[in-house]
Amino acid sequence: MIRVLLAEDQGMMRGALALLLGLEEDIEVVAQVAAGDEILAAALEARPDVALLDIELPGRSGLDAAAELRTRLPGCRVLILTTFGRPGYLRRAMEAGAAGFLVKDGPVEELAVAVRRVLAGEKVIDPSLAAAALGAGPNPLTPREIDVLNAAADGATVADVAGRVHLSESTVRNYLSAAIGKTGTRNRMEAVRAARRQGWL
């Protein structure tokens, strides 16, 4: 049996995925969690072969959890299943050690096949997203620019952002200016939106 952990914050979606996978003769859902910060503990207890993770989860992103699973439970293969088919997310998922990346609006039959394929050591990536990721190129933002944009995402003032990221206000302005230039936008809120659309934040 292929042991699967499901991490999905929407209860109905999580239940449907568990039901669908449970219909397969060779797949057993051994753990279900609704938050990203519950993934590691559940995985260490249940010892799944495959972790099926959403990206945007309460507490911690599925991408962060994927990187931690690679370190703490290297035998567990990670398959990202998300609503957000963004090229930047795909790149970040691969960097975090994910073996696969599928979008939720794909055919349901592909999910069980993808679980089997990643367990067999293959990489499984949504073809249209793979093409888009190749065309999009790498994330141009530095880790510090990403930190500053994330801190500014709720409309915080430069002073507030500086306090959150422990930098001077002038340094924050420099990072914001660089991020605005790299995203080709007019202000920091547009830069946040553009970076999120690309999956860079």
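A salt bridge here is a side-chain nitrogen of Lys or Arg within 4 Å of a carboxyl oxygen of Asp or Glu. What you're looking at is a predicted model, where local features need pLDDT of at least 70, side-chain atom pairs count only at pLDDT 80 or more, and totals for chains, interfaces and linings use all residues. Residues are numbered from 1 along each chain as its sequence is written, and side-chain values use heavy atoms, with hydrogens and water left out.

**View 1. D26 and R116 meet in a salt bridge.** The N to O distance between these two side chains is 2.7 Å. D26 sits in the loop between α1 and β2 and R116 in helix α5, so to speak distant parts of the chain, 90 residues apart. Helices are DSSP runs of H or I with at least four residues, strands are runs of E with at least two, and both are numbered from the N terminus. D26 is partly exposed, at a relative accessible area of 28% (buried is under 20%, exposed over 50%, partly exposed in between, using a 1.4 Å probe and protein chains only).

**View 2. R116 also pairs with E24.** This salt bridge comes in at 2.6 Å, N to O. R116 belongs to helix α5 (residues 109–119) and E24 to the loop between α1 (11–22) and β2 (27–33), so the pair ties together parts 92 residues apart in sequence. R116 is partly exposed with a relative accessible area of 30%, and E24 is partly exposed at 28%.

**View 3. E68 and R60 form a salt bridge.** Their side chains meet at 2.3 Å, N to O. E68 counts as partly exposed at 25% relative accessibility, and R60 is partly exposed at 30%.

**View 4. E8, D54 and K104 are joined in a salt-bridge network.**

**View 5. Helices α8 and α9 cross at roughly 100°.** The axes of α8 (residues 158–165) and α9 (residues 169–183) come within 9 Å; axes are lines fitted to C-alpha atoms, for helices over the stretch in contact, with angles from 0 to 180 degrees between N-to-C directions. The two helices are therefore roughly perpendicular (65 to 115 degrees). On the α8 side, V158, A159, V161, A162 and V165 make the contact, while α9 brings E169, V172, R173 and L176 (contact means heavy atoms within 4.5 Å). Those residues split into seven nonpolar, no polar and two charged, with Ala, Val, Leu, Ile, Met, Phe, Trp, Tyr, Cys and Pro counted as nonpolar, Asp, Glu, Lys and Arg as charged, and the others, Gly among them, as polar.

Technical notes
Angles under 35 degrees count as roughly parallel, over 145 as roughly antiparallel, 65 to 115 as roughly perpendicular and the rest as oblique.
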